[in-house]
Amino acid sequence: MAAAGPYTLAELAAALGARLEGDPGLQVRGVAPLETAGPEEVSFAWGARHGRAAAASRAGAILTGDDVTGLSCPVLRVPAPQTALIALLRLFHPTPPLDPGIHRLAWVAEGAEVDPGAAVGPFAVVERRARIGRGSRVGALCFVGEGARLGEDVQLYPRVVVRDGVQIGNRVIVHSGAVLGADGFGYAFDGHAHRKIPQVGGVRIEDDVEIGANTTVDRATLGVTVIGRGSKLDNLVQVAHNCEIGEDVLLVAQVGVAGSCRIGSRAVLAGQVGVADHTTIGAGAIITAMSGVRGEIPAGTVWSGIPARPTGEFRRIWAAQGRLPDLLRRVRELEARLGELEKRSK
């Protein structure tokens, strides 16, 4: 991505609300990791894990907090370095300006509503009764189905599919290859074949949600599948029909959530977690990577393993597994000794 700049350290300090230690006139042209940053780039560090790399870095300046000291280069000190990094990256990589309008190679059906302040890219399709809000961007080769609604400042990257009737709030970001509103996986076996259950419900994506590449959110059988405000879904996540995902939930790559699950606000499901149907996960719960979950997970707890159990219990079991070969050997020795004693007693 093209970068803005250059900026002087004085300009960066003013923009970030940082305390500058060093030459205010020094110019930097970009942001880079500690390991690769050069004299014309600013880098970032926080906590002890970054301290050694920061001291060895060739960066022209480093954005950090008060916990990293002893640096020879200029320093931009802020109370919350991670939050300041967001602002720093936006300075050097601002969102490209919107070029509103409908591309001549797009197809917008009669009866669709595209706000004059929205943009529809080449080869995109917008079906009838769909509505695209002000400031929204529909990328090349996207499909927006009949009756779908996009709020304001929505970003659909190329090749996103928004099926019929899907409702998307404001400031939602959907990455390439995502499919919102595909049929839920519902069948009934009649003794001869699996008969498809019509999936006639909808999908609602609330404000400030981000959905990763090739992620799928299925429509409800009846009712609505919901992704709550501020939730973030990584790449390759599957959310099945009739799920209700709360606010500010994190679903990391390759999480699979089966039908009719309830996930409370601020819960975190790490990579490759599998959730069985009709499971409830309480608010603020954490499920560690590659766990398999079913039933009810209390709010604020941490669970691990297959089947998932409280992480403390899982760790004790995991530690004990390493001793199983030795325990089996000792049991066999004891069984042999007991057998000898029984023979002697006869």
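These are my notebook entries on a predicted model.

**Entry 1. Overall form**

I began with the secondary structure and recorded 5 helices and 41 strands in the protein. I then looked up the radius of gyration, which is 27 Å, whereas the globule rule gives 20 Å for 346 residues; the protein is therefore more spread out than a compact globule. Along the principal axes, the C-alpha atoms fill a box of roughly 95 × 70 × 30 Å. I noted next that 40% of the 346 residues count as buried. For contacts between residues at least 6 apart in sequence, I found that 17% join residues at least 24 apart.

**Entry 2. The sheet**

I traced an open sheet of 10 strands with parallel pairing. Its order reads β10-β13-β16-β19-β24-β27-β30-β33-β36-β39. Which strands lie at the edges? They are β10 (113–114) and β39 (296–297), each of which pairs on one side only. As a general point, I keep in mind that strands of a sheet pair through backbone hydrogen bonds.

For detail I took the pairing of β16 with β19. Strand β16 covers residues 149–150 and strand β19 covers residues 167–168; the two run parallel and are joined by 2 bridges. Within this pairing, I identified I168 in β19 as the bridge partner of L150.

**Entry 3. Cysteines**

How many disulfides does the model contain? The count comes to 0.

**Entry 4. Aromatic pairs**

I listed 3 aromatic pairs in the structure. One of them is formed by Y7 and F92, whose ring centres are 5.1 Å apart; their planes stand at 90°, so the pair is edge-to-face. I checked the accessibility of F92, and at 0% the residue counts as buried.

Another pair, F185 with Y187, is also edge-to-face, with 5.1 Å centre to centre and 70° between the planes. Here I looked up both members. F185 has a relative accessible area of 68% and is exposed, while Y187, at 39%, is partly exposed.

I turned to T311, which I located in helix α4 (residues 311–321). Is this residue buried or exposed? Its relative accessibility is 10%, and because buried means under 20%, T311 counts as buried. Which residues does T311 touch, leaving out those up to four places away in sequence? They are T288, V302, W303 and S304. With S304 I also recorded a polar contact of 2.7 Å between the two side chains.

Technical notes. Residues are numbered from 1 along each chain as its sequence is written. This is a predicted model: local features need pLDDT of at least 70, side-chain atom pairs count only at pLDDT 80 or more; totals for chains, interfaces and linings use all residues. Side-chain values use heavy atoms; hydrogens and water are left out. Two strands pair if DSSP finds at least two bridges between them. Helices (H or I, at least four residues) and strands (E, at least two) are DSSP runs, numbered from the N terminus. A disulfide is a pair of cysteine sulfur atoms within 2.5 Å. Rings of Phe, Tyr and Trp (its six-membered ring) pair if their centres lie within 6.5 Å; planes under 30 degrees apart count as stacked, over 60 as edge-to-face and the rest as tilted. Buried means under 20% relative accessible area, exposed over 50%, partly exposed in between (1.4 Å probe, protein chains only). A polar contact is a pair of N or O atoms within 3.5 Å; within protein, one must be able to donate a hydrogen and the other to accept it, and residues adjacent in sequence count only if both atoms are side-chain atoms. Contact means heavy atoms within 4.5 Å. The radius of gyration is taken over C-alpha atoms; the globule rule is 2.2 Å times the number of residues to the power 0.38.
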